[in-house]
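Please open the structure in your viewer and keep the sequence beside it.

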Amino acid sequence: MFDYEVVLKELSSVNNPNSIHGIFPYRGKISALDARNMIEQFPKEITLLDPFCGSGTIVAEAQRFGIRAIGVDNNPIAITISNAKVTSSKSVDNEHVEFLISQAEALPENKIEQMPPWPRKHFHPNTALQIMRLKQFYGQMNDFERASFFGAIALSARGCNHYKWSSNQIGSIVEPLRDIDFMSKFRDKTRKNLPHLLDGINAEIHHYDTRKLSEIIPSNSIDVVYTSPPYFDALDYTSYYTKFVYEILDTHERLEVKKGLIQTFSTYSEDMKKVLSEVQKILKPGGKAIFVVGDKKTKDGVINGGEFFSNLIDWQPDYVKQRGYTGSSSQIWDSINNTERKEQVIVWTNN
Ligand SMILES: C[S@@+](CC[C@H](N)C(=O)[O-])C[C@H]1O[C@@H](n2cnc3c(N)ncnc32)[C@H](O)[C@@H]1O
């Protein structure tokens, strides 16, 4: 199907402010510009699968380009955000958002639950109260509204703390907490992102454990697997801003969710071997698997992600491309740790 190499471009910037991907600051989110650069190199007729879709960057970009895309993730918040990005524009409108806000504002104060203690200490009391008002209507929200609610929570948490948070300061408290008008943040999130929704949708999102991928994806059915797998420096995908969402909602037990995710370094090789053998099953003959990985810093030095993944299975990569983290948020960690890690793209063909 492919008789050319996919090209990994160097990027001068990773963020595309004019897109839906700012709806929520999901941890480990891939650059949408990077995803688009890759996707534009694929034929439009393919079926693409992202088995670790996270907040759905790859799936949403693929369908924007007209490719049928499937996403899988085992983190329910990620599933809601991914579903939000591929919601049909026909099924969302500003009136419903206004209806939710007016219902929430009309709720008598004695009907409003108190926010649990951990998130509460990060918000001005008025902001916390507004969040809990709207939370009461969570059951009436569609996924687009839910992801906007999550995004407004993250933005308000930053706002209450004077927008002083950077990726390694999330959760620090900056007194005096500012009073942020949460309903306006929620309204702004929906208004800003609604115009980015498409009306023809050709994407599906599954909440599942990728170590058992072939239980939900038929064998020999996928042309391209393109993903950024969980990092082997054990990033916690239920933490950071996502932790606020989990703690405020009581729909999922965060620590239970965590147990279903790959994030333990000691089992990382075994987990990824399982994943790659599942990927082999669902790829069509001649199909490609493209993994965006990175280096890991250990006490003995840096493990090269490309080499690590190449040695995991009995499947020769076609090639591994490498570039620096220039322009990405991972650069912050490099400057803190005094490392110069690299990012690699590994491409295998199912021969
Ligand atoms: C690097 S992130 C992917 C980010 C994504 N590309 C984005 O732009 O948002 C890796 C994802 O793997 C998911 N994950 C970890 N273990 C998993 C498992 N066993 N099954 C499915 N998903 C898993 C995490 O929830 C996380 O969303």
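This is a predicted model: local features need pLDDT of at least 70, side-chain atom pairs count only at pLDDT 80 or more; totals for chains, interfaces and linings use all residues.

Colour the protein by its two parts: domain 1 (20-86 + 202-242 + 253-349) and domain 2 (89-196). The C-alpha centres of domain 1 and domain 2 lie 29 Å apart. Where they touch, 13 residues of domain 1 and 15 residues of domain 2 take part in the contact. Which helix gives the most to the side of domain 1 that touches domain 2? It is helix α3 (residues 76-85), with five residues. Sorted by class, this side of domain 1 has ten nonpolar, three polar and no charged residues.

## The largest nonpolar core

Now select L48, V59, I81, I131, F150, I153 and V225. These are the residues with the most contacts inside the largest nonpolar core, which has 90 residues. Helix α7 (residues 143-160) gives the most to this core, with ten residues. The core draws at least three residues from each of domain 1 and domain 2.

Keep V225 selected and show its surroundings. Leaving aside residues up to four places away in sequence, V225 touches L49, P51, V279, L283, A289 and I290.

## Parallel strands and a covered helix

Move to strand β1 (residues 47-50) and β2, which run parallel and are joined by four bridges. Here L49, one of the residues touched by V225, stands opposite I70 in β2. Strand β2 (residues 68-73) is mostly covered, since five of its six residues are buried. Strand β2 also pairs with strand β3 (residues 203-207), in the parallel sense and over five bridges. In this pairing, G71 has I205 of β3 as its bridge partner.

Together, β1, helix α2 and β2 make a right-handed β-α-β unit. How many of the eight residues of α2 are buried? The count is eight of eight, and α2 is therefore described as mostly covered. The buried residues are T57, I58, V59, A60, E61, A62, Q63 and R64. They pack against α1 (32-39), β1, β2, α3, β3 and β4.

## Two residues with positive phi

Select N220, in the loop between β3 and β4 (222-227). Its phi is near 55 degrees, a positive value in a residue other than glycine. Is N220 buried or exposed? N220 is exposed, because 11 other C-beta atoms lie within 10 Å, and a residue counts as exposed at 12 or fewer.

Then select Y240, in the loop between β4 and α9 (241-248). Phi of Y240 is likewise positive, near 55 degrees, in a residue other than glycine. Y240 is buried, because 20 other C-beta atoms lie within 10 Å, and a residue counts as buried at 20 or more.

## A lysine at a helix and a cis peptide bond

Proceed to K135, which is placed in helix α6 (residues 125-135). K135 counts as partly exposed, because it has 19 C-beta neighbours inside 10 Å, and the class of partly exposed residues lies between the limits for buried and exposed. Display D250 as well: K135 and D250 are 115 residues apart along the chain, and their C-alpha atoms are separated by 10.0 Å.

What is the form of the peptide bond from E175 to P176? This bond is cis, with omega near -10 degrees.

Definitions and conventions
Residues are numbered from 1 along each chain as its sequence is written. A nonpolar core is a set of buried Ala, Val, Leu, Ile, Met, Phe, Trp, Tyr and Cys residues joined through C-beta atoms within 7 Å. Domain bounds come from an automatic or database domain assignment. Two residues are in contact if their C-beta atoms, placed from the backbone, lie within 7 Å. Two strands pair if DSSP finds at least two bridges between them. A crossover is right-handed if, with the strands pointing away from the viewer, the path from the first strand over the helix to the second runs clockwise. Ala, Val, Leu, Ile, Met, Phe, Trp, Tyr, Cys and Pro count as nonpolar, Asp, Glu, Lys and Arg as charged, and the others, Gly among them, as polar.
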